[in-house]
Amino acid sequence: MKFDIDKKHISFGITSFLVIAASICFYYLIFHGDRFSAKLNALAVIASPILYGIVLAYLLTPIVNYLEKKLLISLFTRSSVMTVKKKKYMRAISVLMTLALVILFIYGFFSILIPNLITSIQNISSQFPYYVQNLTNFIEKYLEANPDIEKIVMQVIDTYSEDINNYLNNSIIPQMESLVKTVSLSLISVLKALWNLIIGLIISIYVLFSKETFAGQLKKIMYALFSKKHANSLIRDLRFTSDTFIGFISGKILDSLIIGILCFAGTSLLNMPYALLISVIVGVTNIIPFFGPYIGAIPSAVLVLMVNPVQCIYFIIFILVLQQLDGNVIGPKILGQSTGLTGFWVIFSITIFGGLFGILGMVIGVPVFAVIYAMVRRIIERILKRKGLPVATKEYINLDYIDNDTFIPRDTTVQKKFFNLSFIKRKAKDDSSEGEK
């Protein structure tokens, strides 16, 4: 006996199985989400070296490409054409140069930064009572003519200075000492984290050596699973996502580094206290878009205010000038139009992602939302084109409604005339009905 297999029955069975499996997974996520998250965390810990390697390779790729295009390719093609063997040598040299530059930069940066930061924090803790007294004398001198305001300000200083002093002496310094003890006692955890970073660095080298091969394999999988049209669209979206992320993050790091150096140069020339500590705060917080400059400027201004209130005014003016320079000259030159978002959407993305994921969300929120915004815009434009409608936003600004593919503009003069005409017709109709009665 021979059974005929209908393709419709097979597709229906597969669809039913997928729906039931998805329902079971959804039920498991809702009522046993803690187990699922624990499994994901365990998997993330196991795969952390691989993730470190992929992220490192992704961040180092622009440096490798820049060294090859601007420096090495001209040296390797000067005497003869580029061969496969030469290309491998060039890639090896560019990867080693990139790793050497990054390691030297990180070592030099932290070897200079950490000792100075520790010294600055210790000086602030020891000199804090003197700073409070200095600020008190300054306020008393300039508020003698307004005793009521002076009294209020002195109460605020007395209240918060004691809290800040206790926080510095009882929280920050003991935490630093306990942190050193914890790191020294938890040697196994430190070695494990260091081992993961070393494995990740080795994996990143392999990824950088064969990044074109990995990209080609990914494209081959996409064309095998999807149609040519959808594969082309997906590859275009992934390329846009990568360009947005790497352009924004690398550009923002470079921009913040330049701002930190300019801040250190300016505060040193103005002979301000704790120039290095203030520059680090301003440079690091500048990575956060929009809100970052204000987040870094406020504690720095308070620090300068405690040491020298007059210099605090100069510092605020200097920071305003520096941020204007960054917002109008340095930032646009480095970042350009890497996100394509307006100011409103930048604030929106920072607020939402910052509330969900904290500081990390504030840093990556703008490029993530830029990708989402671009994909939604592309889908909307595709639907509008299918309906035969224009995609430009300016076409819809003064639109009232669409009648048979005709755009009727929103005009108050026309609306008033239409309202008056309707009122006259309705009035005439009412009068005629009353006459008939």
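1. F214 is partly exposed, with a relative accessible area of 44%. Here buried means under 20%, exposed over 50%, and partly exposed in between, with a 1.4 Å probe and protein chains only. F214 sits in helix α7, residues 211–225. Its contacts beyond four places in sequence are Y206 and V207. Contact means heavy atoms within 4.5 Å.

2. A word on the basis. The model is predicted: local features need pLDDT of at least 70, side-chain atom pairs count only at pLDDT 80 or more, and totals for chains, interfaces and linings use all residues. Residues are numbered from 1 along each chain as its sequence is written, and side-chain values use heavy atoms, with hydrogens and water left out.

3. The chain has 13 helices and 2 strands. These are DSSP runs numbered from the N terminus: helices are H or I with at least four residues, strands E with at least two. Of the 437 residues, 27% are buried. Among contacts with a separation of 6 or more, 61% join residues 24 or more positions apart.

4. The accessible surface of the chain is about 30,700 Å², and carbon and sulfur atoms hold 69% of that. The areas come from the Shrake-Rupley method with a 1.4 Å probe.

5. The largest pocket holds about 1,300 Å³ of space. Its lining has 31 residues, and F105, I106, I253, L254 and L257 are the closest to its centre. Two or more lining residues come from each of α3 (48–76), α4 (84–142), α8 (228–269) and α9 (275–285). The largest share, 11 residues, is from α8. A pocket is an open set of points on a 1 Å grid over the protein atoms alone, where a 1.4 Å probe fits, with protein on both sides within 12 Å along at least five of seven lines; lining residues have an atom within 4 Å of a point. The volume is the space filled by probe spheres set on the points.

6. What classes of residue line the largest pocket? There are 24 nonpolar, 7 polar and no charged residues. Ala, Val, Leu, Ile, Met, Phe, Trp, Tyr, Cys and Pro count as nonpolar, Asp, Glu, Lys and Arg as charged, and the others as polar.

7. The largest nonpolar core has 22 residues, and C263, I278, V282, L303, F315 and I319 have the most contacts inside it. At least two of its residues come from each of α4, α8, α9, α10 (292–307) and α11 (309–335). A nonpolar core is a set of buried Ala, Val, Leu, Ile, Met, Phe, Trp, Tyr and Cys residues joined through side-chain atoms within 4.5 Å. A second, separate core has 13 residues, including L341, V346, F353 and V366.
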